[in-house]
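Hi,

Here is the structure I promised to pass on.

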Amino acid sequence: MPFPDVLPGTEVSAVSEERRLDVLRAIVEDYVRTREPVGSRILTERHRLGVSPATVRNDMAALEEAGLIAQPHTSAGRIPTDKGYRLFVDQLAEVRPLTVPQRRAIETFLSEAVDLDDVVARAGRLIAQLTGQVAVVQYPSLRRSGLRHLELVPTAEGRLLVVVITDTGRVEQRFLDVPVGMDDGTLGELRARFNAAAAGHRLTEIGTAFERVTEAMPDDHRALATAVAAVVTAALGEESEERIVLAGQANLARSSMRFEQGLRPVLEALEEQVVLLGLLTDMTDDAGVAVSIGHENRLAGLAETSVVTSGYGSSDGDTVAILSSIGPTRMDYPGTIAAVRAVARYLSRVLPS
């Protein structure tokens with residue numbers, strides 16, 4: 001239990017610790033729902049705490065001394081602090097599951113996507129709609145992706161279409177001028193050698209693997225092999241910048257999204273996409289959903305927000321990107337965690353394997 005560490009030098013029974021956790025949970029739940037500071041009388045009326053109002057007041061005093069709740073302005077009620085939200089999240093016994101209709105809607109909506117761009121856009125809209133907050137979805141990272149297939153398609157005399165398909169669904173197409181009369185057998189051999197060389201390698205390692213292919217080709221085909229390898233690495237290089245999609249920014253303007261410092265710092269933080277992506281990447285926990293609360297966020301503009309993040313990946317279990325929900329610290333943590341986790345799981349299912 002947390003209170004011996006939270007309140008050093010004090011001795012409380014296990015029963016008192018559990019009751020104070022119950023009081024903290026009740027304060028968080030009420031404040032998230034009503035957006036109003038919570039007093040002891042309200043707690044005893046709304047929640048079955050099994051003790052007198054005087055005992056609840058004593059527990060609230062202990063919570064306040066521990067820095068878990070605070071008194072805003074001159075209000076008689078209390079609100080959770082970042083530290084209080086952190087303890088609440090860490091002590092969540094279970095995450096509220098999504099309803100069956102919600103789960104079916106997620107699966108259907110994502111499975112209807114026509115390509116990777118559509119998948120990422122739909123995932124962002126889903127998270128924003130389910131949470132009423134801002135969604136951030138990263139495109140599958142080339143650093144973690146591999147080559148699914150390389151196709152060489154002759155389109156006309158002296159022209160070759162090079163098609164690159166990653167294992168996360170990205171498709172890049174480039175045209176290449178080739179010697180007139182290039183036979184299908186040579187193209188088939190090149191295709192087979194490049195695909196075999198790429199097997200088991202990340203896209204960032206493809207250049208080195210392809211160099212070995214070109215060096216092993218007969219002299220009369222080496223120039224073509226070198227040109228194909230150059231086109232592929234150049235195409236991947238153009239897409240090497242990490243990309244994210246934002247959805248639901250309009251949700252920040254809702255009256256329930258009150259920020260003491262105003263909306264501008266949050267919007268400016270969201271615009272710093274490179275720094276934001278670094279924050280989310282550092283948060284990502286392979287074991288599941290990670291939560292960063294208030295001043296735990298190293299971006300100053302997000303000091304009044306909480307960020308709920310999960311990795312997602314291909315069907316073989318590899319994490320290739322991340323998705324997040326960003327809202328006020330006064331957020332529905334169980335609901336947001338459930339939504340992010342569910343969308344990440346379904347997104348992993350619909351990615352190409």
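**How two helices cross**

Let me start with a pair of helices: α6 and α7 cross in a right-handed way. Keep in mind throughout that this is a predicted model. To find the pair, look for α6 at residues 100–111 and α7 at residues 116–131. Angles over 145 degrees count as roughly antiparallel, so α6 and α7 are roughly antiparallel to each other.

**Two helices with a buried side**

Next, go to α4, which covers residues 53–65. The helix has 13 residues, and the distance from its first C-alpha to its last is 18 Å, close to the 18 Å expected at 1.5 Å a residue. Which residues of α4 are buried? They are Val56, Asp59, Met60, Ala62 and Leu63. If you look down the axis of α4, these buried residues fall within an arc of 160°, so they line one face of the helix. Asn58 and Glu65 are on the other side of α4, and they are exposed. Just after α4 comes Gly67, with a positive phi of about 80°.

**Salt bridges**

How many salt bridges are there? The count comes to 20. I picked out a few to look at.

Arg264 forms a salt bridge with Glu268, and their closest N and O atoms are 2.9 Å apart. Arg264 is exposed, at a relative accessible area of 64%, whereas Glu268 counts as partly exposed at 37%.

Helix α5, residues 82–90, holds another example, with Arg86 and Asp90 placed 4 residues apart, about one turn of the helix. The two form a salt bridge, the closest N and O atoms being 3.1 Å apart. Is Arg86 buried or exposed? With 19% relative accessibility, Arg86 counts as buried, because the cut-off for buried is under 20%.

In α10, residues 219–238, Arg222 and Asp219 are 3 residues apart, so about one helical turn separates them. Their side chains meet in a salt bridge of 3.2 Å, N to O. Asp219 is exposed with a relative accessible area of 65%, while Arg222 counts as partly exposed at 32%.

**Loops and contacts across the chain**

Now for the loop between α2 (14–34) and α3 (40–46), where you will find Arg35. Arg35 has a positive phi of about 60° although it is not a glycine. Its relative accessible area is 30%, so Arg35 is partly exposed.

Another loop, between α8 (184–198) and α9 (206–216), contains Thr204. Thr204 is exposed, with a relative accessible area of 56%. The C-alpha atoms of Thr204 and Thr233 are 8.8 Å apart, although 29 residues separate the two along the chain.

Last, turn to strand β5, residues 159–166, where Thr166 lies. Thr166 is buried, with a relative accessible area of 2%. Thr166 and Leu203 are 37 residues apart in sequence, and their C-alpha atoms are 8.2 Å apart in space.

Happy browsing!

Terms used. Residues are numbered from 1 along each chain as its sequence is written. This is a predicted model: local features need pLDDT of at least 70, side-chain atom pairs count only at pLDDT 80 or more; totals for chains, interfaces and linings use all residues. Side-chain values use heavy atoms; hydrogens and water are left out. The expected span of a helix is 1.5 Å times one less than its number of residues. Buried means under 20% relative accessible area, exposed over 50%, partly exposed in between (1.4 Å probe, protein chains only). The arc is that of the directions from the helix axis to the C-beta atoms. A salt bridge is a side-chain nitrogen of Lys or Arg within 4 Å of a carboxyl oxygen of Asp or Glu. Axes are lines fitted to C-alpha atoms, for helices over the stretch in contact, and angles run from 0 to 180 degrees between N-to-C directions. Angles under 35 degrees count as roughly parallel, over 145 as roughly antiparallel, 65 to 115 as roughly perpendicular and the rest as oblique. A crossing is left-handed if the near helix is turned anticlockwise from the far one by less than a right angle, and right-handed if clockwise.
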